[in-house]
Amino acid sequence: MLYLASQSPRRRELLDQLGQPHRTLDVDVAEVRAPGEAPDDYVARVALDKARAGFARVAGEPGARVLAADTEVILGDEVFGKPRDADDAAAMLARLSGREHRVVSAVWLVDSEGERHAISVSSVRFAPLDASRIADYVASGEWSGKAGAYAIQGRAGAFVAHLAGSYSGVMGLPLFETCELLRGQ
């Protein structure tokens with residue numbers, strides 16, 4: 001049985017697109033960047049921590065596999081996690097306005113045979129956003145619970161002037177990389 005160590009509705013929908021029957025596990029993993037930890041290493045570590053925590057719960061089941069992911073928006077060396085509140089969301093969007101940032105998605109698969117992973121790195125450039133456009137988006141509430149304070153699959157898709165990489169990776173689960181992991185490639 002495949003388990004998804006995530007309660008994210010986006011990740012569940014994306015995994016469904018691969019036709020993979022699965023169950024979800026709710027895991028509680030601290031998402032705190034260690035001092036000096038490189039942004040990409042941080043994203044990979046958090047995803048691995050989630051996968052390991054999930055596998056620890058189902059390791060006794062024959063054939064159990066746990067898939068986990070983490071996705072973060074990175075501007076320079078700064079990791080934009082989920083905003084604390086509306087003001088934090090507005091500040092993040094203002095910093096991303098008219099600039100290019102990276103979205104890193106790490107995916108780990110843990111089972112009795114070991115641990116395997118894949119990384120997806122996408123480059124996203126936002127159009128310039130004025131204060132009223134940011135305020136309207138923040139008022140929508142769509143930013144809540146989203147890394148970098150935006151959901152590319154929602155209203156914020158209109159902010160994206162250019163995307164190079166994985167659209168599904170920016171959403172939270174890169175389908176190509178996930179499919180390859182599940183196929184054992």
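Strand E6 pairs with strand E7 (residues 160-164) in the antiparallel sense, over four bridges. The model is predicted. E6 also pairs with strand E5. Elsewhere, helices H3 and H4 pack against each other, and a search of the whole structure finds eleven salt bridges.

**Strands**

- Strand E5 covers residues 100-111, and strand E6 covers residues 114-126.
- E5 and E6 run in the antiparallel sense and are paired over twelve bridges.
- How many residues does the hairpin use to join E5 to E6? The hairpin joins them through two residues.
- Asp111 has Gly114 as its bridge partner in E6.
- In a regular strand, side chains alternate between the two faces of the sheet.

**Helices H3 and H4**

- Helix H3 spans residues 86-96, and helix H4 spans residues 131-140.
- Their axes lie 10 Å apart, and the packing angle is about 140°.
- The crossing of H3 and H4 is right-handed.
- Which residues meet in this contact? H3 brings Ala86, Ala89, Ala90, Leu93 and Ala94. H4 brings Ile134, Tyr137 and Val138.
- The contact residues of H3 and H4 comprise eight nonpolar ones, with no polar and no charged residues.

**Salt bridges**

- One of the eleven salt bridges found in the whole structure links Lys50 with Glu31.
- The closest N and O atoms of Lys50 and Glu31 are 3.5 Å apart.
- Where do the two partners lie? Lys50 is in helix H2 (residues 39-58), while Glu31 is in the loop between strand E2 (23-24) and H2.
- The pair therefore ties together parts that are 19 residues apart in sequence.

Key. Residues numbered from 1 in each chain as written. Predicted model: local features only at pLDDT ≥ 70, side-chain atom pairs only at ≥ 80, totals over all residues. Heavy atoms only, no water. Axes fitted to C-alpha atoms, helices over the stretch in contact; angles between N-to-C directions. Left-handed = near helix turned anticlockwise from the far one by under 90°. Contact = heavy atoms within 4.5 Å. Nonpolar A, V, L, I, M, F, W, Y, C, P; charged D, E, K, R; others polar. Pairing = 2+ DSSP bridges. Salt bridge = Lys/Arg side-chain N within 4 Å of Asp/Glu carboxyl O.
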